[in-house]
Amino acid sequence: MPSDVENWKSEVYGNEIRDHLFRFAEEGFETIPDDERDAWFERFKWWGLYHQRNGQEGYFMMRIGTPNGVLEPGQLRVVGEIADEYARGPGTNPIFGDAYADFTTRQAIQLHWIELSDVPAIFEKLESNGLSTQQACGDSWRNIVGNPVAGKDAQEVIDAWPVIRDLNETFTGNDDHSNLPRKWKVSVTGSADGSGQGDINDLAFEPAYKEIDAVEETSTSSRTESGDGEDVVGFNVRVGGGLARNEPRFARDIDVWVRPERVADVAGGLSALFRDNGDREDRYNARIKFLVDEWGAEAVRETLQAEYVDFDLHTAGRDVREEYTYNTGEGARNDLIGVHEQKDGTNFVGLNVLVGRMGAADVLELADLAEEYGSGEVRLSQRQNVIVTDVPDSELDDFRDEDLLEHYSPDPSPFMRGSVACTGTEFCSLSIVETKNRQVRYARWLKENVDLPADVDQFHVHLSGCTASCAQPQIADVSLRGMKTRKNGDAVEALDVGLGGGLGDEPQFARWVTQRVPVDEVPGALANLIEHFAAKRDEGESFRAFVARHDDEELAELVDPEETDYEDPMMHNTKMTWYPYAEEDGMDAQPPAPADD
């Protein structure tokens, strides 16, 4: 039998949701019938709206999709203005204030405290400036990710930006691909550093060379003489990656190489294959990673060829995975922070945004600086950071001297640059623990109290509020996952601790070595772990390599939980409040749903 969500989608889904959304925006939140709210909230996701957690009735998170993280000149200012005007609610965050924007691990933007009555005005402002929330959530194509500086990066193998733009235009609002069994996450990268993180996506296109005997002339093929044929630059295809719940998978190679101009055909074929064969009865099982588990990569390729494309598929080409450095834990270009040369001789400057959150006033100031020192364009990375592009050499020093960059540094502490956190219990109904403010406090405490070896400038700590893995904890040096435990007889928030995750040529998921550590003992545990690492590592050994040569029992002994001078104000919250930072935070003190304007 189809799941409840499938039944709701069979009644209303896709583009048609917009009319209903605007009707409820006009008539008021309270006009959504109580017994239909679950159905409508599920449908609203297709237009980028998630209803917030219990106690915050009537308020929504709004996600804005920015394909490949590209914000064209002027668009960041639009985001800041919307955040400043509309993303203010009844609760104030003690670190981030009243209005802010969250940059996500999928190169999108999230705003909170959005009222339904404001949605039409927000949509009008977004869409008139080339932005949209369409399919930012829901069971369809999600925001396409990749190397955020595609087309500008001096190190890229092939410019993937035209391909990503084509995919976005082809599949956004496409009725044939608007109702999939679950979300469909796609990565396309032309960079040799692996910054597209294709391994953890449902569908990944990665740069590869293929020797072809006869190649037609096209504007998108790049090639050089090689043997009897010609080396053409295109993409190898991988399918079935993902981190959610306790079932992580790396995407599997299906032995397909595709030209840039054929990417949309192959992507559409695989999307349709998932649409027609994915599980619509069990949503837990309704991801393509489970279909690949069941069928095998070879059968996926055979079905794609036989039923979903009308041309002969090439076998896989020569990839560049041995050059991948992004999120590997060692070598250069572990992230895109700092100053990097562009193809045209100017520079892109990656700025660290701690846990991906930036106050609305800072967003607007950054938009000013991007226009003053660059082209006005800003791009978002999968590590929740921002990148200002097109900065000439002559402007670099003045740009780096700006006061704003004291808070969003191009040269941050390893603990600051390595911190990633999901939304947490501040707004998310799935999360078990508070995340954003906690990871900020963790990073600051570690920076002040713990020394990494002098040759270690990367240390990734990812905090995810639950097993949904929105903070991508399984691919971090230290993975933290929300749980509960008891301490001194009281229920407290706790974290499982995993170690040694990362991507690269040979990606590895973190190994969960310690469970349910009370949150106030986690900084002490990390300090003890790093002390052991510094004392026992081989010369020049990375943290990931250090973890790899120890078994789980040995690692668990190194992660010794300990109370320190770190104090955690949210450890007893345990999700029993309407807002974890409110002075009167009991559920009986929750604000009423926002009144109609």
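Which residues does Ser409 touch, not counting residues up to four places away in sequence? They are Ile337, Gly350, Leu351 and Asn352, where a contact means heavy atoms within 4.5 Å. This is a predicted model, in which local features need pLDDT of at least 70 and side-chain atom pairs count only at pLDDT 80 or more, while totals for chains, interfaces and linings use all residues. Residues are numbered from 1 along each chain as its sequence is written, and side-chain values use heavy atoms, with hydrogens and water left out.

**Ser409**
- Ser409 sits in the loop between helix H11 (393-400) and helix H12 (414-417), helices being DSSP runs (H or I) of at least four residues and strands runs (E) of at least two, numbered from the N terminus.
- Ser409 counts as buried because its relative accessibility is 18%, the term meaning under 20% relative accessible area with a 1.4 Å probe and protein chains only.
- A polar atom of the Ser409 side chain lies 2.8 Å from the backbone nitrogen of Asp411.

**Asp202: setting**
- Asp202 belongs to the loop between strand E6 (186-188) and strand E7 (203-212).
- With a relative accessibility of 1%, Asp202 counts as buried.

**Asp202: partners**
- Leaving aside neighbours within four places in sequence, Asp202 is in contact with several residues, among them Trp184, Arg238 and Ile288.
- The side chains of Asp202 and Arg287 are joined by a polar contact of 3.0 Å, that is, a pair of N or O atoms within 3.5 Å, of which, within protein, one must be able to donate a hydrogen and the other to accept it, residues adjacent in sequence counting only if both atoms are side-chain atoms.
- The Asp202 side chain also reaches the backbone nitrogen of Lys185, at 2.7 Å.

Key: Buried means under 20% relative accessible area, exposed over 50%, partly exposed in between (1.4 Å probe, protein chains only).
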